[in-house]
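Please look over the sequence and the 3D view before reading on.

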Amino acid sequence: MHELAIVQDLFKLCETNAMKNNATNITRVEIQVGRLSGVEPHYLESAFDAFKQGTICNDAKLIINTQDIVVKCDECGFEGVLMENNFLCPTCGSNNLQVTAGEDLFLMRLEME
Ligand SMILES: [Zn+2]
């Protein structure tokens, strides 16, 4: 399961950050998930809750922010959020688009004590 591997990486990242800050407990984990990242936020949340016991994130709440797909059109220069998953420029209809945001998953913020 894709999501399981992601939460395990996330726990490791949290541990490293906590150690650097001499923290023993993480209370809140905020991540950003792009719509194109292939990650299902619902599954990610379940995996997080199922495997957080015994980790630094034992008492942590996971906050998932979804990042829209942002594209830039090479034909007309349009730059903005792609509302539909058709990969056509909403302004000129070209499919010559570059994705500038929405492909990645990353850690935004940690709260620890
Ligand atoms: Zn265009």
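The points below cover a metal site, a sheet and a helix. The model is a predicted one.

**Zinc site**
- Four cysteines coordinate the zinc ion through their SG atoms: Cys-73, Cys-76, Cys-89 and Cys-92, at 2.3 Å.
- Along the sequence, the spacing of these donor residues is C-x2-C-x12-C-x2-C.
- The arrangement around the zinc ion is tetrahedral, because its 4 donor atoms subtend angles of 107 to 112°.
- For four tetrahedral donors, the ideal angle at a metal is 109.5 degrees.
- Cys-73 has a relative accessible area of 1% and is buried, whereas Cys-76, with 39%, is partly exposed.

**Three-stranded sheet**
- Three strands form an open sheet in the order E4-E3-E5, and their pairing is antiparallel.
- Strand E4 (79-81) and strand E5 (97-101) are the edge strands, each pairing on one side only.
- On average, neighbouring strands of this sheet are turned by 30° against each other, direction ignored.
- Strand E3 (residues 70-73) is joined to E4 by 3 bridges in the antiparallel sense.
- Across from Val-70 stands Val-81 in E4.
- In general, the strands of a sheet pair through backbone hydrogen bonds.

**Helix H2**
- Helix H2 (residues 41-51) has Leu-44, Ala-47 and Phe-48 as its buried residues.
- These residues line one face of the helix, because they fall within an arc of 100° when seen down the axis of H2.

Technical notes. Residues are numbered from 1 along each chain as its sequence is written. This is a predicted model: local features need pLDDT of at least 70, side-chain atom pairs count only at pLDDT 80 or more; totals for chains, interfaces and linings use all residues. Side-chain values use heavy atoms; hydrogens and water are left out. Two strands pair if DSSP finds at least two bridges between them. Helices (H or I, at least four residues) and strands (E, at least two) are DSSP runs, numbered from the N terminus. Axes are lines fitted to C-alpha atoms, for helices over the stretch in contact, and angles run from 0 to 180 degrees between N-to-C directions. Buried means under 20% relative accessible area, exposed over 50%, partly exposed in between (1.4 Å probe, protein chains only). The arc is that of the directions from the helix axis to the C-beta atoms. Donors are N, O and S atoms within 2.8 Å of the metal (3.2 Å for Na, K and Ca); water is not among the atoms, so sites may look incomplete. Four donors count as tetrahedral if all angles lie between 85 and 135 degrees; four count as square planar and six as octahedral if opposite donors are over 155 degrees apart and all others between 65 and 115; anything else is irregular.
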